[in-house]
Amino acid sequence: MKPTVAPFPAARLRRTRVSPAIRGLVRENTLSTDDLIWPVFVRDGEGIEEPVGSMPGVVRRSVDKIAEAAAEAQALGIPAICLFPYTDQSLKTEDCAEAWSPDNLSNRAIRAIKEAAPDIAVMTDVALDPYNINGHDGYVVDGEILNDETVEALVKMTLAQADAGADIIGPSDMMDGRIGAMRAGLEKAGHRNVSILSYSAKYSSAFYGPFRDAVGASGALKGDKNTYQMDPANSDEALRLIERDLMEGADMVMVKPGMPYLDICRRVKDGFGVPTFAYQVSGEYAMIQAAAQNGWVDGERVMLESLLGFKRAGCNGVLTYFAPAAAKLLNG
Ligand code: PBG
């Protein structure tokens, strides 16, 4: 649809900007607490909230503190929380068995949240990197990231998360065939209503740097993730990945990172009309926080403007470390 405009002065486009009331009437997009998914970092111990240096305002929480935080998020009207474990170095192995242990950090946190805040949806991360001695999302043999063997492990991980009570499974690994395998596994195990929000178009990005510090994967990672995560130069390929994941049984799809990839969000929404999400990743968060802390930008306004951008680009919602701060502002 091509927007029409009459010749001046029949059209004065400033007329619809003349007052808050008129601006409100013609506003095309809105941001609400319903749009927010809050990623959080969980660590072992008790009563711990430990700051993440590269992400000002973000902490790693022990399971009891995660449960408290989830209850607060629920009270703020945030619909979903997404868990990322900071796994002790001693539990990282080549076979990544901790990934599907029913009592790993992430699964304990799921159960604690379900008890403390039963109405908030719990989303998980499915990838081997927090448990892998070499920091990759898949098994590494002779320098190669194995696909099919990794998918088998990811299915075990998925089922352990669903058994613990996860509502939304979030595969972030970028292996081929994982969505179909996870969906079949979930159906077979009777987890018919567990959703999959696939990190379908996940780019190999430098914006993940602070996250890898937060989960303690930076030191471990050997090499890069270019053989499985997408080339930032590509756009058509994202549509193929999205379509493939939908055909395999994804309920919702994600573009990641967010702000540098809003063109992809728009193409996905226009092309498929499915629930579309973006991940405003750690590096995006860190940039805004760093500038705000220096007084170079108005942190609150930039935060809300950045989040509204995702709505304008067609997203149904956004994973953002700003979720509680944004919700507080949106709730007045
Ligand atoms: C790992 C994973 C990453 C993020 C989410 N899951 C990092 C990576 O792929 O190296 C990044 C999130 C962020 O930067 O905020 N499977």
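Arg244 counts as partly exposed, at 21% relative accessibility. The cut-off for buried is under 20% relative accessible area, so Arg244 at 21% falls in the partly exposed class. The model discussed here is predicted. In this model the side chain of Arg244 meets that of Asp176 in a salt bridge, with N to O at 2.8 Å.

- Asp176 sits in the loop between S8 and H5, while Arg244 belongs to helix H7; the two residues are 68 apart, and their pair links distant parts of the chain.
- Asp176 is partly exposed, its relative accessible area being 47%.
- A network of salt bridges links Asp173, Asp176, Arg178, Arg244, Asp245 and Glu248.
- Side chains of opposite charge can pair when their charged atoms come close.

**Other salt bridges**

- The structure holds 18 salt bridges.
- One of them joins the side chains of Arg61 and Glu49, at 3.6 Å from N to O.
- Arg61 is in strand S3 (residues 59-62) and Glu49 is in strand S2 (residues 49-51), so this pair ties together parts that are 12 residues apart in sequence.
- Arg61 counts as buried at 14% relative accessibility, whereas Glu49 is partly exposed with a relative accessible area of 45%.
- Asp129 and Lys225 also form a salt bridge, and their closest N and O atoms are 3.7 Å apart.
- Asp129 lies in the loop between strand S5 (121-123) and strand S6 (140-141), and Lys225 in the loop between helix H6 (209-214) and helix H7 (236-248); with 96 residues separating them, the pair links distant parts of the chain.
- Asp129 is buried with a relative accessible area of 8%, and Lys225 is buried with one of 5%.

**The ligand and its surroundings**

- There are 18 residues around the ligand, and those that come nearest are Lys202, Arg212, Lys256, Ser282 and Tyr321.
- In the side chain of Arg212, an N or O atom is 2.6 Å from an oxygen atom of the ligand.
- In the side chain of Ser172, an N or O atom is 2.8 Å from a nitrogen atom of the ligand.
- Lys256 has a polar side-chain atom 3.4 Å from a nitrogen atom of the ligand.
- The ligand taken alone exposes 400 Å², and the protein buries 100% of that.

**Helix H4**

- Helix H4 covers residues 148-164, which makes 17 residues.
- From first C-alpha to last, H4 reaches 25 Å, close to the 24 Å expected at 1.5 Å a residue.
- The buried residues of H4 include Thr150, Val151, Leu154, Met157, Thr158 and Gln161.
- An α-helix has 3.6 residues a turn, so residues three or four places apart point the same way.
- Helix H3 (105-116), strand S8 (168-169) and helix H5 (178-188) are the elements against which the buried residues of H4 pack.

**Cis peptide bonds**

- Phe8 and Pro9 are joined by a cis peptide bond, with omega about 5 degrees.
- Pro9 is found in the segment before helix H1 (20-26).
- From Lys256 to Pro257 the peptide bond is also cis, and here omega is near -10 degrees.
- Pro257 is in the loop between strand S10 (252-256) and helix H8 (262-272).

- Cys96 is not a glycine, yet its phi is positive, near 60 degrees.
- The loop between strand S4 (80-85) and H3 holds Cys96, which counts as buried at 1% relative accessibility.
- Met174 has a positive phi of about 70 degrees and is not a glycine either.
- Met174 lies in the loop between S8 and H5, and Asp176 is in that loop too.
- Met174 is buried with a relative accessible area of 8%, whereas Asp176 is partly exposed at 47%.

Notes
Residues are numbered from 1 along each chain as its sequence is written. This is a predicted model: local features need pLDDT of at least 70, side-chain atom pairs count only at pLDDT 80 or more; totals for chains, interfaces and linings use all residues. Side-chain values use heavy atoms; hydrogens and water are left out. Helices (H or I, at least four residues) and strands (E, at least two) are DSSP runs, numbered from the N terminus. The expected span of a helix is 1.5 Å times one less than its number of residues. Buried means under 20% relative accessible area, exposed over 50%, partly exposed in between (1.4 Å probe, protein chains only). Contact means heavy atoms within 4.5 Å. A residue is near a molecule or strand if one of its heavy atoms lies within 4 Å of it. A polar contact is a pair of N or O atoms within 3.5 Å; within protein, one must be able to donate a hydrogen and the other to accept it, and residues adjacent in sequence count only if both atoms are side-chain atoms. Accessible areas come from the Shrake-Rupley method with a 1.4 Å probe; for residues, only the protein chains shown count as cover. A salt bridge is a side-chain nitrogen of Lys or Arg within 4 Å of a carboxyl oxygen of Asp or Glu.
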